[in-house]
Amino acid sequence: MRIRMLGPLSISRGGVDVPLPASRKVRALFAYLAMAPRPVARNALCELLWDLPNDPRGELRWCLSKIRRVVDEPGQPRVLTAEGTVQLELSGCVVDALDVLRGAEDGIEWLAVERQRQLYDLFTGEFLDGLDIDRSPTFEAWLTAQRRRLSGYRTALLEQLVKRVSDEEAFGYLEQWLQLAPFDPQVHERLLIALARAGRVREAEAHLAAASRQFEDEGLDAGVLHHAWRAAKPQRAAPQRDSPQQPSPQQPSPQPASIAGADVDEVMVPRLPHRASIAVMPFFDASAAIDR
């Protein structure tokens, strides 16, 4: 049996979806018990979902009977009750949210990159998407805390993947990170660095302009984005340039003229700076030659 809670709640057995009860409180109770690390007191469950009903324990019994029809298997009851407590036995089942929590306990940054990919791919939306319950403040507080915690782990997985995969693969994760945290300067900085390294300067500048407008519209300081771009620009890929001594392919390389019979200006030799010079000649006494 596979239980998915990172998105809308769903249960499948052998790859086939199991129809869920229409009651939102039945589904909420099931999700709460699935995430509970230990048996939960009946009184606590009554306070969790019912705001002064006529018969809270009767409502609880009815919800548990609906859950049994979904999860119990021949010879393997999964809703266990004892001494005023309720527990959901999920041994042998795959629960996506619990997989992520176990990965977080091991340290997300220490997981192999392939395992990080697998855990991130479990997220198809926010935790128990669409399962808010009116007039159940205790359950809503628990749901908000779980969503915040699992959303943090999702962001941590994205951060690790962006660091460890190639820039080309990282672009996809960065776009998803931006959707989760559009006003986190860190993700904008990483995107600008990746675009700069790829030589995609125009895209980086367009993103900077759009993100700056978003920040300013929210009353946030866009200066951090411009600072991030100034830091990222030195990492941009250098364009390919011809060597200064490389002849253009359209023009033949000039052949050096032979020095004999060639004009000096045509001789392909380095020109030295012009400097004045004095010629020193041997001394000759012309008067002595006339006397003779």
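Tutor: A residue is called buried when its relative accessible area is under 20%, and we shall apply that cut-off to this model, which is predicted.

Student: What makes Phe123 count as buried?

Tutor: Its relative accessibility is 9%, and because the cut-off is under 20%, Phe123 counts as buried. Tyr120 has a value of 4%, so Tyr120 counts as buried by that rule too.

Student: Why is the pair of Tyr120 and Phe123 called tilted?

Tutor: The structure holds six aromatic pairs, and in this one the ring centres lie 6.4 Å apart, with the planes at 35 degrees.

Student: Why is the pair of Phe127 and Trp142 called edge-to-face?

Tutor: Their ring centres are 5.9 Å apart and their planes stand at 70 degrees, which is over 60, so the pair is edge-to-face. This pair links distant parts of the chain, since Phe127 belongs to the loop between helix H5 and H6 while Trp142 belongs to helix H6, 15 residues apart. Both Phe127 and Trp142 are buried, and together with Tyr32 and Phe139 they form one aromatic cluster.

Student: How do you know on which side of helix H2 its buried residues lie?

Tutor: The buried residues of H2 are Arg42, Leu45, Cys46, Leu48 and Leu49. They cover an arc of only 155 degrees around the axis, which means that they lie on the same side of H2. Among the elements that cover them are helix H1, helix H3 and helix H6.

Definitions and conventions. Residues are numbered from 1 along each chain as its sequence is written. This is a predicted model: local features need pLDDT of at least 70, side-chain atom pairs count only at pLDDT 80 or more; totals for chains, interfaces and linings use all residues. Side-chain values use heavy atoms; hydrogens and water are left out. Buried means under 20% relative accessible area, exposed over 50%, partly exposed in between (1.4 Å probe, protein chains only). Helices (H or I, at least four residues) and strands (E, at least two) are DSSP runs, numbered from the N terminus. The arc is that of the directions from the helix axis to the C-beta atoms. Contact means heavy atoms within 4.5 Å. Rings of Phe, Tyr and Trp (its six-membered ring) pair if their centres lie within 6.5 Å; planes under 30 degrees apart count as stacked, over 60 as edge-to-face and the rest as tilted.
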